[in-house]
Each structure stands twice: as structure tokens, then as C-alpha cells.
Amino acid sequence: MKKIASFLIICLLSYHTKAQSYLETPDGRVLFDGHEVNVEGTVYIPQEFKKGYLKFSNERKMTIPQVRFNSYDNRIEFKEGKEEKVLTLPIVEFGFEEAAGSMRVFKKGFPAIDRQNDGTFYEIAFDGKFKLLKYFKAHKFDVSGYNSATKTMKFDINETLYLLKSDNTIVKVKKDKKSLLEALGKDESAVKDWWSKEKPNLKNETDLKAFLAYLDTL
């Protein structure tokens with residue numbers, strides 16, 4: 001059975017190609033735009049491969065033993081043995097396991113905004129009458145020393161929040177009450193009692209989701 005599963009994965013997935021800009025080789029080297037570099041930081045979510053699943057455009061789902069997301073190139077990668085590979089078939093959703101059996105889910109197909117298009121993957125942070133989407137993008141910085149013969153790149157992953165409303169329009173938001181209420185067209189008086197009772201800190205993920213769940217009932 002394991003051999004059959006491995007064969008199916010090989011048929012559905014393929015190796016990195018020269019067109020890819022960020023590549024970790026089996027021997028631990030990093031190639032960026034075809035050049036070997038030293039790297040600080042990461043482009044990956046999660047940093048290490050984790051067990052997850054893939055969902056195809058035909059709604060078919062497949063479990064995958066080791067998967068992660070490259071937030072610099074907006075691509076899904078998986079590992080087989082020591083080799084890291086890139087998906088080439090039309091994946092519309094993927095997820096990977098977190099602690100305590102929870103799953104982080106990423107999807108694409110949302111309206112274009114800023115520099116993103118309908119091929120951009122977002123994490124689904126809240127899913128109700130509206131969706132809170134997290135967009136992750138790794139940015140690179142050249143931190144090579146002066147006259148250094150070795151190229152060193154630093155990568156930082158930035159997180160941006162968007163709200164997908166029930167009319168399928170999308171808007172950028174922040175983790176604060178005013179931003180979320182304005183995006184949903186809600187008046188502050190509608191949440192006054194709940195806010196006074198719960199006193200949430202929206203920088204905290206649990207409190208943020210609790211507030212969104214309440215807004216979803218209004």
C-alpha cells in the first residue's frame with residue numbers, strides 16, 4: 001500500500017524547475033535565483049514539513065505526509081526522502097496539522113487586491129458569513145557584509161489581514177475594533193455590551209476569533 005501511495009504522489013507531483021526562485025537542495029544548500037547564498041530567516045510556513053492534505057480543483061482530497069508553504073514564491077512544496085518537490089497540478093486548498101490536532105487551512109480563488117490575484121493562497125483565519133484571510137509574504141534583504149565574497153540574504157515573513165465579505169468583496173483590515181467594524185459596516189454601539197463584558201485584546205488570536213464569532217451573529 002505504501003508503494004502504491006508513493007507512486008501516486010510521484011505521478012501527481014514534480015521536481016523543482018529552473019524557473020523557481022528559491023530552492024533548498026538535498027545537501028542543505030540554498031539557491032536563490034540560481035545563485036548559491038547563505039540565508040537568515042525563512043520563507044516557509046511551517047518552518048518544517050508537516051503532515052497535511054491537498055485539495056484539487058475537482059474536489060478530490062489527498063493526504064500528504066510532509067508539506068509546507070513557500071511564502072516567497074506562493075507555492076506548495078512537499079518532501080519525499082531527502083528531495084524537496086513542488087506541486088504542478090491545480091491545487092485550490094491545502095492544510096497541515098498544528099499542535100493538538102488542529103489544522104491550518106490555506107485556499108486560493110479570492111478576488112484580486114493589492115498585488116495579489118486569484119492564484120494567491122491565504123490562510124483561512126475565520127470562516128463564517130464573512131472570512132478573515134491571512135496573507136503571508138516573505139520579503140528578502142541583502143545583508144552581505146561590505147566586500148564580502150559570500151552572498152547572504154535575510155527573509156522576513158509579513159502578515160497582512162483581509163476581510164472577505166458576504167458580497168465577495170475584499171478589503172484590508174487591522175487587528176482592531178474600528179477597522180473590523182468599518183469593514184463590515186457595523187456601528188460600535190452594536191458591540192458595546194459584549195466588548196465591555198469580554199474586554200478582548202485583538203492582538204491575541206483567541207480573542208480576535210471570539211470577536212469575529214460575535215460579529216458573525218449580528
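Author: A charge sits over a ring if NZ of Lys or CZ of Arg is within 6 Å of the ring centre and within 35 degrees of the ring normal. This is a predicted model. Lys61 lies over the face of Tyr53.

Reader: How far is Lys61 from the ring centre of Tyr53?

Author: The distance is 4.2 Å.

Reader: Which lysine lies over the face of Tyr72?

Author: Lys137 does, at 4.8 Å from the ring centre.

Reader: Switching to ring pairs. How many aromatic pairs does a search of the whole structure find?

Author: The search finds 20. One of them joins Phe94 and Phe121.

Reader: What geometry do Phe94 and Phe121 have?

Author: Edge-to-face. The centres are 5.3 Å apart, with 75 degrees between the planes.

Reader: What does the pair tie together?

Author: Phe94 is in strand S9, residues 91-97. Phe121 is in the loop between strand S10 (103-107) and strand S11 (122-127). So the pair ties together parts 27 residues apart in sequence.

Reader: Are Phe94 and Phe121 buried or exposed?

Author: Both are buried.

Reader: Now Phe110 and Tyr122. Why is that pair edge-to-face?

Author: The planes of Phe110 and Tyr122 are at 80 degrees, and over 60 counts as edge-to-face. Their ring centres are 5.7 Å apart.

Reader: Where do Phe110 and Tyr122 lie?

Author: Phe110 lies in the loop between S10 and S11, and Tyr122 in strand S11. They are 12 residues apart in sequence.

Reader: What about relative accessibility for Tyr122?

Author: Tyr122 is at 0%, so it counts as buried. Phe110 is buried too, with a relative accessible area of 8%.

Reader: Which residues do ring pairs link into a cluster?

Author: Phe69, Phe94, Phe96, Phe106, Phe121 and Phe136.

Terms used. Residues numbered from 1 in each chain as written. Predicted model: local features only at pLDDT ≥ 70, side-chain atom pairs only at ≥ 80, totals over all residues. Heavy atoms only, no water. Phe/Tyr/Trp six-rings, centres within 6.5 Å; stacked < 30°, edge-to-face > 60°. Helix = DSSP H or I, 4+ residues; strand = E, 2+ residues; numbered from the N terminus. Buried < 20%, exposed > 50% of the residue type's maximum accessible area, 1.4 Å probe, protein only.
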